[in-house]
Amino acid sequence: MTATHAIRSDHPGIPIFAGQVIQGGPNGYFNPNAFIQPLPGTYGNAGRNILQGPGLAETNVSVAKKISLSERLDLQFRSEFFNLFNRANFNTPNPVVYASATGGPSPTAGVITSTSTTSRQIQLGLKLLW
């Protein structure tokens, strides 16, 4: 019995490249022209996890106010802000540079199509404590 190995077409090579690899925008986070397609039947020399995606930052804030209504009765007002500054935290870009054995780079290589966190969320709450 003979074992067959599928050659991954998304494992490109790294040529001598003088340009900027990480461009940073969601429409092209990295430059796919910084990679070359390996020869048929071979693997490229690009290592795993050589590119890092965009950073993630989120500020969450909670504010509460306790109001005494009587000796045994309190009212608590609470407001919570998630992603207070409404920062767009982009997901990782499409890492597949060459999707087929022929042709140039994939048109979606390096493109970011989603965010990894939600937009600003505000939550208000009122609690009666007795």
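**Ground rules**

I am working with a predicted model, where local features need pLDDT of at least 70, side-chain atom pairs count only at pLDDT 80 or more, and totals for chains, interfaces and linings use all residues. Residues are numbered from 1 along each chain as its sequence is written, and side-chain values use heavy atoms, with hydrogens and water left out.

Ile-50 counts as partly exposed because its relative accessibility is 44%. My cut-offs are: buried under 20% relative accessible area, exposed over 50%, partly exposed in between (1.4 Å probe, protein chains only).

Asn-45 is in the loop between S2 and S3. I noted Asn-45 as exposed, given its relative accessible area of 55%. What is Asn-45 in contact with, leaving aside its neighbours within four places in sequence? I found Pro-12, Gly-13 and Ile-14, where contact means heavy atoms within 4.5 Å. Asn-45 and Gly-13 are 32 residues apart in sequence, but their C-alpha atoms are 4.6 Å apart in space.

**Entry: the S1-S2 hairpin**

I then went to strand S1 (residues 22-25), which is joined to S2 by two bridges and runs antiparallel to it. Two strands pair if DSSP finds at least two bridges between them. The two strands form a hairpin with two residues between them. Gly-25 has Gly-28 in S2 as its bridge partner.

**Entry: the open sheet**

Next came an open sheet of three strands, in the order S3-S4-S5, with antiparallel pairing. Why is one side of S3 and of S5 left without a neighbour in the sheet? Strand S3 (61-68) and strand S5 (121-129) stand at the edges, and each has a single partner strand, so one side of each has no neighbour there. Neighbouring strands of this sheet are turned by 10 degrees against each other on average, direction ignored. That angle relies on axes that are lines fitted to C-alpha atoms (for helices, over the stretch in contact), and angles run from 0 to 180 degrees between N-to-C directions.

I followed S3 into strand S4 (residues 74-82): eight bridges join the two, and they run antiparallel. S3 and S4 form a hairpin with five residues between them. I wrote down two of the pairs: Val-61 has Phe-81 as its bridge partner in S4, and Ile-67 has Leu-75.

**Entry: salt bridges**

How many salt bridges does the structure hold? I have two on my list, using a side-chain nitrogen of Lys or Arg within 4 Å of a carboxyl oxygen of Asp or Glu.

- Asp-74 and Lys-66 form one, with the closest N and O atoms 3.5 Å apart. Asp-74 is buried at a relative accessible area of 15%, whereas Lys-66 counts as exposed at 53%.
- Arg-78 and Glu-80 form another, with the closest N and O atoms 3.1 Å apart. Arg-78 is partly exposed at 32%, whereas Glu-80 counts as buried at 16%.

**Entry: the loop between S4 and S5**

I ended in the loop between S4 and S5, where Asn-83 sits. Asn-83 has a positive phi of about 55 degrees although it is not a glycine. Asn-86 lies in the loop between S4 and S5 and has a positive phi of about 55 degrees, again without being a glycine. Buried or exposed? I logged Asn-83 as buried at 2% relative accessible area, while Asn-86 counts as partly exposed at 38%.

Ser-106 has its place in the loop between S4 and S5. Ser-106 counts as buried, because its relative accessibility is 15%. Leaving aside neighbours within four places in sequence, I found Ser-106 in contact with Val-96 and Val-97.

Note on methods: Helix = DSSP H or I, 4+ residues; strand = E, 2+ residues; numbered from the N terminus.
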